[in-house]
Amino acid sequence: MADDRPGRCWYCGTESLRVDDPPEHIIPEAMGGTLKTDRVCAACNQRAGKDIDAPFMRDWLIAIDRELHSPGGDRMRPRVDATLRDGTPVDLKTGNGPWKATVRASIEGEGEEVTIRASSRAEYEKLLARVRRKVEAEGKEFIEPGEPTEIADSELIVVRTKLDGVIWLRMAAKITLGCLSLALDEEWLDTADAAKYQGWLWDDVPLNEDGSTALGLPGRQSELDRHVLNPPEHLLYFAPLGNGRVGLTIAYFGSIILRAAVGVGNQPPPRKAWRTGPGAPPEETSFDLLLAEAAVKYVDVGEAQ
C-alpha cells in the first residue's frame with residue numbers, strides 16, 4: 001500500500017488530502033479506540049464525529065458497554081425510556097454496578113384532582129405545597145390528601161429500548177472504509193464497492209441496490225470469535241471470502257459483532273487484524289495468527305474437559 005500524499009479521502013473519495021489533516025479514529029476515541037488512519041480529509045473527519053460517532057455512542061448497547069469499560073460523561077449516557085410496572089416514569093442511572101432508578105418528579109392532572117409523583121418524601125411535600133399555593137391563589141378550597149403511596153425499592157422496572165439499524169450500518173461503513181485505507185491501494189476508491197460504502201456512510205437513509213433501506217445489526221459470534229475475543233478490547237479482522245471478496249468482522253468491547261463483505265477488485269484480499277482499546281495502543285496482527293491463537297485455545301479447552 002502506498003503511503004505517499006497527496007491522495008484522496010477514503011470517506012468521500014473525492015477530496016484531496018492535506019499534510020496537516022488530523023488523523024481519524026477508526027473506532028471513536030471516546031470508546032477507547034486507538035486505531036487511526038491518515039487517509040481521511042479534515043472535513044469528513046469532523047462530520048463523521050458529529051453525524052456518525054456521536055449517535056452511535058448513545059446507542060443503548062454501546063453506551064452500556066462504554067460505561068462499563070470506558071466511563072465517560074453524562075452526555076454519552078444511553079437514551080432510556082424506563083417506567084415502573086404501573087407506568088410511572090423513572091430516571092434510570094446506568095453504569096458500573098447496580099443501576100439506580102429514581103421516580104421522575106411530576107404534577108399531573110387538572111380540575112379537582114392531581115397526581116404527584118416524587119422520589120422522596122421531602123420532594124413530595126415540596127410539590128404538594130406548590131399545588132396548595134396554586135389552589136388557594138385561585139380562591140378554591142384545598143383538601144389535604146391522605147398518606148402518599150410508597151413504592152418498594154424492589155418494584156419492577158420496565159426498560160424500553162430499540163436498535164437503530166441505520167446508525168449501526170453507517171458506523172460499520174465508516175470502520176470498513178477506515179480499515180481498508182490501511183490495507184489497500186487507493187485505486188480501490190474507483191470501484192463500485194467503494195461507492196456503495198461511501199453512500200452508506202453519508203446517506204441519512206442508506207439504501208440497498210433494490211431500493212430497500214440498508215440496515216446493520218449486531219450478530220452472533222462465530223467459533224473463531226469465541227476463542228479470540230478478549231473483553232474489553234475491540235477486535236477488527238479481515239478474512240478472505242473468495243472470488244475477490246473479503247469479510248471484515250468488527251467486535252466492540254470483546255462481544256458485539258458486525259460484519260461487512262467487500263469486493264477488493266484486482267488487489268489481494270487483506271488478512272490484517274487489529275486489537276485496540278480501551279485506550280491502549282493498537283496491536284496489529286493477522287487473520288492467520290488469530291486462527292493459530294484460536295486453535296491453541298480450542299486444544300486447551302478440550303484438554304481441560
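1. In what follows, Ala, Val, Leu, Ile, Met, Phe, Trp, Tyr, Cys and Pro count as nonpolar, Asp, Glu, Lys and Arg as charged, and the others, Gly among them, as polar. On that basis the lining of the largest pocket has 19 nonpolar, 9 polar and 15 charged residues; the model to which this applies is a predicted one.

2. The largest pocket itself has a volume of about 1400 Å³. Its lining is made up of 43 residues, and V114, T115, I116, R117 and Y124 are the closest of these to the centre of the pocket. Two or more lining residues are given by each of β5 (100–103), β7 (115–117) and α3 (121–137), and it is α3 that supplies the largest share, with 7 residues.

3. Turning to the strands, β10 spans residues 245–252 and is mostly covered, since 7 of its 8 residues are buried. Strand β9 (residues 234–242) runs antiparallel to β10 and is joined to it by 7 bridges, while β11 (residues 256–263), also antiparallel to β10, is joined to it by 8 bridges.

4. In the hairpin formed by β10 and β11, 3 residues lie between the strands, and F253 in the turn has a positive phi of about 50°.

Conventions. Residues are numbered from 1 along each chain as its sequence is written. This is a predicted model: local features need pLDDT of at least 70, side-chain atom pairs count only at pLDDT 80 or more; totals for chains, interfaces and linings use all residues. Side-chain values use heavy atoms; hydrogens and water are left out. Buried means under 20% relative accessible area, exposed over 50%, partly exposed in between (1.4 Å probe, protein chains only). Helices (H or I, at least four residues) and strands (E, at least two) are DSSP runs, numbered from the N terminus. Two strands pair if DSSP finds at least two bridges between them. On a 1 Å grid over the protein atoms alone, a cavity is a set of points where a 1.4 Å probe fits but cannot get out, and a pocket is an open set with protein on both sides within 12 Å along at least five of seven lines; lining residues have an atom within 4 Å of a point. Grid points are joined across faces, edges and corners, and a volume is the space filled by probe spheres set on the points.
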